[in-house]
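I opened my notebook to look up a few things in one model.

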Amino acid sequence: MATYNLKINGKVRQVNVDPATPLLWVLRDHLNMTGTKYGCGIAQCGACTVHLEGNAIRSCQLPVSVVGKQAVTTIEGLSEKGDHPVQKAWLEHDVAQCGYCQAGQIMQAASLLKNNPKPTDEEIEAQMSGNICRCGTYLRIKEAVKSAAKK
Ligand code: FES
Ligand code: FES
């Protein structure tokens, strides 16, 4: 066990966990932040996507010991009132179906637009292709990303 002071959503959160614990389980089991979802556990589905220093990463494969002082942002901290342009566009386009993959989709899209505010269709497809949705909401996701890019 080791103690870590993690910077999550602008606050320092202390946890005492095994260094190999994936960040996903620190968030969900130790900090009760359950917005970030578990899908595959092997960095293949994107359900567990959070931001590390603003960039999308798969938290299921990131040991807590390598987070260090880097800022972590989860879906709970993306915006204060759920009003990030991506979240607004998601509502406008009624993207979610069962919802399970959507926190990861939104975090991936927010990171994509931060790094590339005016993406082409191809760039959206390439950047979002690692986020799987078993409900098949891909067309609405693409339209919502395009609409968020215009805001
Ligand atoms: S749970 Fe992390 S990528 Fe699937
Ligand atoms: S909305 Fe159901 S898995 Fe994506």
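My entries below go from domains to pockets to salt bridges.

**Entry: the model**

I noted at the start that this is a predicted model.

**Entry: domains**

I looked up the domain assignment of the protein chain. It gives domain 1 (2-78) and domain 2 (85-149). I then checked the contact between them. Domain 1 puts in 19 residues, and domain 2 puts in 14 residues. The centres of the two domains, taken over C-alpha atoms, are 21 Å apart.

Next I looked up the buried area. Between them, domain 1 and domain 2 bury about 1,300 Å². Of that area, 56% is on carbon and sulfur atoms. I also asked how many salt bridges cross the interface of domain 1 and domain 2. The rule finds 0 there.

**Entry: the largest pocket**

I turned to the open spaces. The largest pocket holds about 180 Å³ of space. It is lined by 14 residues. Closest to its centre are His84, Val86, Ala110, Leu113 and Lys114.

Which helices supply at least two residues each of this lining? I found helix H2 (85-92), helix H3 (102-115) and helix H5 (138-150). H3 gives the most, with 4 residues.

I sorted the lining of the largest pocket by class. There are 8 nonpolar, 4 polar and 2 charged residues.

I looked up the volume of the second largest pocket and wrote down about 160 Å³. Its lining is made up of Gly39, Cys45, Ala47, Cys98, Tyr100, Cys101, Ile132, Cys133, Arg134 and Cys135. By class, I noted 8 nonpolar, 1 polar and 1 charged residues.

**Entry: salt bridges**

I reminded myself of a general point. Side chains of opposite charge can pair when their charged atoms come close. I then looked up the count, and the rule gives 5 salt bridges.

I picked one pair to follow. Asp121 forms a salt bridge with Lys142. Their closest N and O atoms are 3.7 Å apart. Asp121 sits in helix H4 (residues 121-128), and Lys142 sits in helix H5. The two residues are 21 residues apart, and the pair links distant parts of the chain.

Note on methods:
Residues are numbered from 1 along each chain as its sequence is written. Chains are lettered from A and ligands numbered from 1 in the order in which they are written. This is a predicted model: local features need pLDDT of at least 70, side-chain atom pairs count only at pLDDT 80 or more; totals for chains, interfaces and linings use all residues. Side-chain values use heavy atoms; hydrogens and water are left out. On a 1 Å grid over the protein atoms alone, a cavity is a set of points where a 1.4 Å probe fits but cannot get out, and a pocket is an open set with protein on both sides within 12 Å along at least five of seven lines; lining residues have an atom within 4 Å of a point. Grid points are joined across faces, edges and corners, and a volume is the space filled by probe spheres set on the points. Ala, Val, Leu, Ile, Met, Phe, Trp, Tyr, Cys and Pro count as nonpolar, Asp, Glu, Lys and Arg as charged, and the others, Gly among them, as polar. Domain bounds come from an automatic or database domain assignment. Contact means heavy atoms within 4.5 Å. Buried area is the accessible area (1.4 Å probe) that two parts lose on being put together, summed over both. A salt bridge is a side-chain nitrogen of Lys or Arg within 4 Å of a carboxyl oxygen of Asp or Glu.
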